[in-house]
Amino acid sequence: MKLTVHDVGHGACVSFTHKNGNVMLWDCGHQESYRPSSFLPAMGISEVQYFFVTNYDEDHISDLPDLRASVRLKSMYRNKSISADALRSLKRQGGPISPAMDSMLDMISSYTGGPLNPAPDFSGARFITFHNNFSDEFADTNNISLVTFVECGGTKFIIPGDLEEDGWLGLLRRQDFVKELAGVNVFNASHHGRESGYCEEVFDLCTPDVFVFSDSEVKHATQEVSQLYAQHAKGIQFNGETRYVLTTRNDGSLTWTLG
């Protein structure tokens, strides 16, 4: 079983492949030379059992039209507290609806059911999701990011989308969320390592082995707080050195073999 944080530039895409071939996928950002609509079929993947949308911004869904054409997405997990109409209205404030967002809105309308029944076999793996509800308190897409904890083979990951400080603090009011934080080993840094995604209170409760930044070259104020994150990590051995922060920018796609 493998979990991979894919090098999709300034974007997000994470896959989990079970030994039986079942697949979970978080987001579908891309760069021109590497996109999930191409690399998943190249990996022999023709369908994804669970597709998670962590954030409704372009860098998390940019390859969605091509992905839907090349791979069957059997079900979708998302923050359902925001409707298609509300999301469309929110996105129009920033300009015209992109083809990727148009595809996302279509999926929201057509993927109306819950998890597959019967559920696909992901024996030996466990996941749970959390989110803040779209409301006057959380009226932007970042702070309603879908946060997923994935645990397999004794390693626990958190995939938090683009959650910002206010969103973290909202989730920290939940004891079940706090309990899940305690055992995280690999922490995918929120918002690609931007300072706005950092919340010190989280690390009073969580001491991961390593942080992962999914990003391209430093831009949009990303990765500016890598040392701030690093002080909270235990460190791992990576290519013969102790590392506290890994980045797709410097290290490429990152894969964990689990169980």
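I looked up the handedness first, and H4 passes H5 in a right-handed crossing, where right-handed means that the near helix is turned clockwise from the far one by less than a right angle, and left-handed that it is turned anticlockwise. This is a predicted model, in which local features need pLDDT of at least 70 and side-chain atom pairs count only at pLDDT 80 or more, while totals for chains, interfaces and linings use all residues. I number residues from 1 along each chain as its sequence is written, and side-chain values use heavy atoms, with hydrogens and water left out.

For the geometry of the pair, I noted that H4 (residues 84–92) and H5 (residues 99–110) pack at an angle of about 165°, with their axes 10 Å apart. H4 is therefore roughly antiparallel to H5, a term for angles over 145 degrees. Helices here are DSSP runs of H or I with at least four residues, and strands are runs of E with at least two, numbered from the N terminus. Axes are lines fitted to C-alpha atoms, for helices over the stretch in contact, and angles run from 0 to 180 degrees between N-to-C directions.

I then listed the contacts (heavy atoms within 4.5 Å): Ala 84, Leu 87, Arg 88 and Lys 91 of H4 meet Met 101, Leu 105 and Ile 108 of H5. By class, this contact has 5 nonpolar, no polar and 2 charged residues; Ala, Val, Leu, Ile, Met, Phe, Trp, Tyr, Cys and Pro count as nonpolar, Asp, Glu, Lys and Arg as charged, and the others, Gly among them, as polar.

Turning to open space, I found that the largest pocket has a volume of about 190 Å³, and that its lining includes Tyr 56, Asp 57, Glu 58, Lys 91 and Met 101. A pocket is an open set of points on a 1 Å grid over the protein atoms alone, with protein on both sides within 12 Å along at least five of seven lines, and lining residues have an atom within 4 Å of a point. A volume is the space filled by probe spheres set on the points, which are joined across faces, edges and corners. The lining divides into 5 nonpolar, 3 polar and 3 charged residues.

Last, I checked the backbone. A cis peptide bond, with omega of about 5°, joins Asn 117 and Pro 118, and Pro 118 is found in the loop between H5 and strand S8 (125–130). His 191, although not a glycine, has a positive phi of about 60°, and its place is in the loop between strand S11 (186–188) and strand S12 (210–213).

Definitions and conventions
Parallel < 35°, antiparallel > 145°, perpendicular 65-115°, else oblique. 1 Å grid on protein atoms, 1.4 Å probe; cavity = no way out; pocket = protein on both sides within 12 Å on 5 of 7 lines; lining within 4 Å.
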